Amino acid sequence: MFTKVLVANRGEIAVRIIRACRELGIGTVAVFSEADRNALHVRYADEAYLIGPAPSRESYLRADKIFEVAKKSGADAIHPGYGFLAEREDFAARCAELGITFIGPKPSSIAAMGDKGKARATVIKAGVPVVPGTEDVGNMTNDDLLRIAPTIGFPLLIKATAGGGGKGMREVRSLEEMPTLLASARREAESAFGDGNVYLEKLIEGARHIEFQIMADSFGNVIHLGERECSIQRRHQKLLEESPSSFIDDELREKMGSIAVKSAQAVDYVNAGTIEFLVDKDRNFYFLEMNTRLQVEHPITEMVTGVDIVAEQIRIARGRQLSYTQEQIKFNGHAIECRVNAEDPFNGFMPSTGRITHSLLPTGPGVRVDTGVYPGFEITPFYDPMIAKLIVWGETRAQAILRMRRALEEYRIVGVRTNIPFHQTLMDSHRFMGGQFDTRFVEERFSMDDAMESRTENLEIAAILATLVAHQQSERNANIVRRNERDTSNWKWVGRWERMHR
Ligand code: MV4
């Protein structure tokens with residue numbers, strides 16, 4: 001039984017974890033940097049401790065400081081959230097040595113999935129489909145790789161063993177360009193991870209990125225909570241996620257779900273985890289990697305399954321059994337999450353910093369906002385630009401999209417630029433409405449100026465499109481403020497607000 005959980009994170013995810021603890025009647029301990037003295041997670045926790053200056057390296061990444069606070073406060077468990085220390089095997093191991101429960105998987109599972117080459121080899125043995133590529137573990141020389149490359153075929157990808165997130169990744173179109181690209185991939189991986197080891201995979205072009213949420217308890221029970229479509233991304237940063245994926249039918253969901261469960265079992269997994277897949281045009285799917293932590297986008301799975309993933313993590317870490325069997329998991333409706341970033345979509349998504357002077361959150365039926373900011377809070381350049389997650393639920397995908405349009409219109413943030421106009425433009429995109437996109441969509445086919453791509457020929461989606469396009473038209477007729485006027489509308493609104501409060 002825990003009496004106190006230390007939350008080793010900041011922002012919206014720290015707040016999310018504190019909320020779960022409060023509902024479970026568990027005390028909470030926050031840690032914060034000098035830039036976060038006034039942060040929401042500090043206000044919501046029962047106790048809060050300063051752990052260092054603004055840069056993460058000197059605060060949120062300082063395991064020693066966090067253990068010091070754990071001791072001082074008497075916390076008996078640590079929830080790492082995502083990022084920072086969440087996937088550090090040594091951190092999880094040290095928790096155990098100090099008699100503190102790490103709310104996450106075993107150090108050995110983190111290690112087994114952290115090395116992407118090792119992860120491949122492990123899941124291959126368990127019968128999980130992976131992209132054709134190298135199958136040896138351990139360091140491979142350039143000679144080895146040049147010999148194996150033609151047997152895989154071109155185009156192929158060089159990937160960093162310690163990687164993830166696209167760092168140290170190179171597309172190779174022919175054997176001639178291999179040596180140069182191997183050298184640059186190794187150099188990038190060495191500087192990013194201190195490990196220049198790489199492996200090869202055949203390049204799957206025009207694929208979707210679809211991931212499965214799994215939950216595993218310490219009694220060997222493993223279930224999946226369905227998939228999340230994560231193809232709407234830019235430079236390996238996800239911008240929007242939805243569940244279910246319009247590309248996955250019940251049969252494929254069951255097949256991929258059972259493979260996801262198998263992947264987790266292969267590393268003796270406990271707690272919440274995510275299996276990432278690539279799914280090609282012909283619906284072939286391949287294991288990419290496993291994230292051994294809670295993810296940013298977990299709320300959309302919570303909305304369609306009704307499972308409180310964070311509460312479930314805490315129960316599992318306390319040594320309880322999963323609250324659900326696979327048969328008890330029912331998928332209901334459709335959820336979409338827009339990541340609201342302090343970035344200017346009209347200026348190459350440049351990060352925007354400053355004080356949030358005013359903000360008004362969307363609420364109402366089917367709307368959830370997870371955020372760590374509020375009016376008066378200053379956005380600094382020290383951390384991730386994500387300031388909120390706007391999550392909506394609808395009975396159908398079309399209803400969820402309409403609801404997201406409504407919520408985006410309600411949302412007002414003044415003081416920093418945000419990517420809300422990007423999301424509004426995306427909601428107008430016929431390709432998005434029709435579910436016709438892959439991981440290249442935002443970078444290659446999407447423009448803030450011209451959301452009106454040629455209409456799709458796919459008849460299956462014509463009905464959804466008709467509803468959504470009609471709605472778009474009626475909004476225009478009603479003179480509802482559109483994205484390019486967002487700044488003006490914000491300032492008009494601020495004017496009204498200030499007149500009201502004089
Ligand atoms: C791939 C791929 C195509 N073929 N592997 C990018 C980050 C890393 N986690 C895996 N990634 C990819 N691996 C093969 N064999 C395409 C990507 C990829 C990608 C994957 C998921 C989400 C967005 C992506 C954007 C570009 C490339």
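How many disulfides does this protein have? The count comes to zero, where a disulfide is defined as a pair of cysteine sulfur atoms within 2.5 Å.

Some housekeeping before the details. This is a predicted model, so local features need pLDDT of at least 70 and side-chain atom pairs count only at pLDDT 80 or more, while totals for chains, interfaces and linings use all residues. Residues are numbered from 1 along each chain as its sequence is written, and side-chain values use heavy atoms, with hydrogens and water left out.

Cysteine 230 is in no disulfide either; the nearest cysteine sulfur to it belongs to cysteine 338, 13 Å away. Cysteine 95 is buried, at a relative accessible area of 0%, and cysteine 230 is buried too, at 0%. Buried here means under 20% relative accessible area, exposed means over 50%, and partly exposed is in between, using a 1.4 Å probe and protein chains only.

Next, confidence. pLDDT is the predictor's confidence in each residue, from 0 to 100. The protein averages 93, and 92% of the residues score at least 70. Among the elements, strand β4, residues 77-79, has the highest mean at 99, and helix α16, residues 462-477, has the lowest at 66. Helices (H or I, at least four residues) and strands (E, at least two) are DSSP runs, numbered from the N terminus.

Now the ligand. Which residues come nearest to it? They are Lys159, Glu201, Lys202, Ile204 and Glu289, out of 18 residues around the ligand; a residue is near if one of its heavy atoms lies within 4 Å. A polar contact is a pair of N or O atoms within 3.5 Å. The side chain of glutamate 201 has an N or O atom 2.8 Å from a nitrogen atom of the ligand. Glutamate 289 has a side-chain N or O atom 3.1 Å from a nitrogen of the ligand. Taken alone, the ligand exposes 510 Å², and the protein buries 87% of that; these areas come from the Shrake-Rupley method with a 1.4 Å probe.

The elements giving two or more residues to the shell are β6 (156-160), β8 (198-202), β12 (271-279) and β13 (285-291). By type, the shell holds seven nonpolar, six polar and five charged residues. Asp, Glu, Lys and Arg count as charged, Ala, Val, Leu, Ile, Met, Phe, Trp, Tyr, Cys and Pro as nonpolar, and the others, Gly among them, as polar.

Last, the backbone. Most residues other than glycine have a negative phi, and most peptide bonds are trans. The bond from phenylalanine 154 to proline 155 is cis, with omega near -5°, and proline 155 sits in the loop between α7 (142-152) and β6. Serine 243 to proline 244 is also cis, with omega near 0°; proline 244 is in the loop between β11 (237-243) and α9 (250-266).

Phenylalanine 84 is not a glycine, yet has a positive phi of about 40°. Phenylalanine 84 lies in the loop between β4 and α4 (89-97) and is partly exposed, at 26% relative accessibility. Arginine 283, in the loop between β12 and β13, has a positive phi near 65°, and at 38% relative accessibility arginine 283 is partly exposed.

How values were computed
Polar contact = N/O pair within 3.5 Å; in protein donor to acceptor, adjacent residues only side chain to side chain.
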